[in-house]
Amino acid sequence: MEALLQMIEAETMLLRKGHFVAAAELEMRQGDYARRYIDELGRIGAIGDRLDHFAPGSVARLRRLHEQFCAVLRIDMAALATARAASAPAPAPLPQPPARPVIVAQAAPIRDPRLARAAAG
């Protein structure tokens, strides 16, 4: 658990510093550590009753540790996702069509005398 958290934190720092190759190498290693952790959880689940028989309270303690690990992992993964998003290259802007000149037509002079008085007044 601790090694996986340390690797996630290290990858986050590497991304923030712009060391993308080193961060990618750590990311690959994290998958291996995560698989090992999941495998160990499966083994504990399979022998949990026997383990608790020989070491009372051990399964409850492991559950608490797992819950704490998951809480910290969520925080670290959010920080890592933010660092990854910040280090991703910005998408190229879409080309804009050239601006067309705006042609303003001259208004025709007002010919109706009633409207001319209203416009002048």
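Predicted model: local features only at pLDDT ≥ 70, side-chain atom pairs only at ≥ 80, totals over all residues.
Residues are numbered from 1 along each chain as its sequence is written, and side-chain values use heavy atoms, without hydrogens or water.

**Exercise 1.** Describe how helix H2 packs with helix H3.

*Solution.* 
Step 1. Locate the helices: H2 covers residues 20-54 and H3 covers residues 58-87 (helices are DSSP runs of H or I, at least four residues, numbered from the N terminus).
Step 2. Take the geometry. The angle is about 160°, and the axes lie 13 Å apart (axes are lines fitted to C-alpha atoms over the stretch in contact, and angles run from 0 to 180 degrees between N-to-C directions).
Step 3. Classify the angle. H2 is therefore roughly antiparallel to H3 (the term applies over 145 degrees).
Step 4. List contacts, meaning heavy atoms within 4.5 Å. H2 contributes residues including Phe20, Tyr37 and Leu51. Among those of H3 are Ser58, His66 and Arg84.

**Exercise 2.** Describe the lining of the largest pocket.

*Solution.* 
Step 1. Count the lining: 14 residues line the largest pocket (lining residues have an atom within 4 Å of a point of the pocket).
Step 2. Find the centre. Leu41, Ile44, Val59, Leu62 and Arg63 are the closest to it.
Step 3. Assign helices. H2 and H3 each supply at least two lining residues. H2 gives the largest share, 8 residues.

Key
Parallel < 35°, antiparallel > 145°, perpendicular 65-115°, else oblique. 1 Å grid on protein atoms, 1.4 Å probe; cavity = no way out; pocket = protein on both sides within 12 Å on 5 of 7 lines; lining within 4 Å. Nonpolar A, V, L, I, M, F, W, Y, C, P; charged D, E, K, R; others polar.
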